[in-house]
Amino acid sequence: MRISVIGCGYLGAVHAAAMAKLGHDVVGVDVDPVKLAALRRGEAPFFEPGLPELLLEAGATGRLTFTDDISAVRGAKLHFIAVGTPQRQGANSADLRFVDAAFDQLIPHLSAGDVVAGKSTVPVGTAARLAEKMAASGSDAALAWNPEFLREGFAVKDSLTPDRLVFGLPPEPAAASLAQAALREAYATALDDATPLVVTDYATAELVKVSANAFLATKISFINAMSEIAEATGADVTQLADAIGFDGRIGRRFLGAGVGFGGGCLPKDIRAFMARAEELGRGESVAFLKEVDAINMRRRHKVVEHVVDLLDHEPYGKTVAVLGLAFKPHSDDVRDSPALDVAVRLKGLGANVRATDPEAIENARALHPQLDYHASFEETVTGADVVVLVTEWDQYRYLDPEAVAPLVAARNVVDGRNSYDPARWRAAGWTYRGLGRP
Ligand code: UGA
């Protein structure tokens, strides 16, 4: 099947390459010449495990091309929209300008019988509005909404073998069957493997995506709220998470208490959801997300507080080693990264912040050139008055406290991800602070 993918960022680039690997003939369209040049060379423009291999493999078949020329979508039967929907500046709502621009550019090139499938995360109601826009322009292409659930760091696996598929179809039966047939053809491999499929309407498909992310954010903030209670009572939140996680109805995943969630999805998606619910007159239904957001932001503050405390409330001029900058391991993404936020706050308090990350230094430097970045872990921690773990990359997670001790000026560690065994660090002479742990 000939497919176009409009927007080649974290979502679109992986989706385009995955579709080509699955046997389709794919053209990826983007406006960024640097990104396009990398993709054409078979290089990933961002860090995503397995993506370089996938790009080379798909590229070698001759079925994957990238261009900035939107007219190249002509001839494709299915067009995926995979552009970003960031948080609007100065507001909670989603900025849909890239989605609208993608539709405006695509519509003149659509032919009868074409299907457009939106993958971007959008406020509920957007698909219906875009379908009207398409109809008003005289296009008789069909629109479907097909949300994406891939996780950064596991995007290749999640794209090739998704855990579920959701097809939000138009109300008109003819358009719905056209859209469903095209999506079934695109995802034939996954469907043959018995991947669960939910066929539904636009509003449900849009809501599945935002409610899934809202649920995940809520689960993380729930355990972080327990972390705050643990701090007031001397309880250990990691043991609490293990114990409640054994209940199959609760489950241990996403009960990792620590500095909290960040990234290009969870924070902005819960805010956009609140904004959309307000517009719908249902603000109270998701008002709890405000608390979810607030708990999350408080945890960043708590990590900073621990550091300041360990520096006897005099952070000015002290050296703090920050381990990790990406919003989570296996990613170079620093969008709304708790780690980078903590580093910048400490710098703002006058500390000499040395930061390191295996993949995210360049992205972090572009946003915050004021921090002192080091590629080498040893350089980062040498002479540090406090070491702070904020992104649990394996290389920081499995540190030997005995081996790190001779490098630092003072044996103080703040474990922002509750990744370390406190007893082991204390036995090596460190003052250990976790979150929600005695
Ligand atoms: C998230 C969802 O997990 C994906 O299903 C979704 O497709 C994606 O957003 C999206 O909307 O595109 P992602 O942003 O890649 O994926 O990251 P997650 O793995 O969900 O982690 C989000 C944040 O939560 C990270 O900062 C992570 O460190 C934090 N986290 C995660 C915790 O603090 N505790 C946990 O137990 C788990």
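**Figure 1. Salt bridge between Asp415 and Arg437 in the predicted model.** The closest N and O atoms of Asp415 and Arg437 are 3.7 Å apart. The two residues come from distant parts of the chain, 22 residues apart: Asp415 belongs to strand S13 (residues 412-415), and Arg437 lies in the segment after S14. Both Asp415 and Arg437 are buried.

Figure 2. Over the model, the count comes to 34 salt bridges.

**Figure 3. Salt bridge between Asp309 and Arg433.** The side chains of Asp309 and Arg433 meet with an N to O distance of 2.9 Å. This pair links helix H12 (residues 288-310), which holds Asp309, to strand S14 (residues 431-433), which holds Arg433; the partners are 124 residues apart. Asp309 counts as partly exposed because its relative accessibility is 30%. Arg433, at 22% relative accessibility, is likewise classed as partly exposed.

**Figure 4. Salt bridge between Asp25 and Arg2.** An N to O distance of 3.5 Å separates the side chains of Asp25 and Arg2 in this salt bridge. Asp25 is in strand S2 (residues 25-29) and Arg2 in strand S1 (residues 2-6), so that the pair, 23 residues apart, links distant parts of the chain. With a relative accessibility of 32%, Asp25 is partly exposed. Arg2 has a relative accessible area of 28% and is therefore partly exposed.

Definitions and conventions: Residues numbered from 1 in each chain as written. Predicted model: local features only at pLDDT ≥ 70, side-chain atom pairs only at ≥ 80, totals over all residues. Heavy atoms only, no water. Salt bridge = Lys/Arg side-chain N within 4 Å of Asp/Glu carboxyl O. Helix = DSSP H or I, 4+ residues; strand = E, 2+ residues; numbered from the N terminus. Buried < 20%, exposed > 50% of the residue type's maximum accessible area, 1.4 Å probe, protein only.
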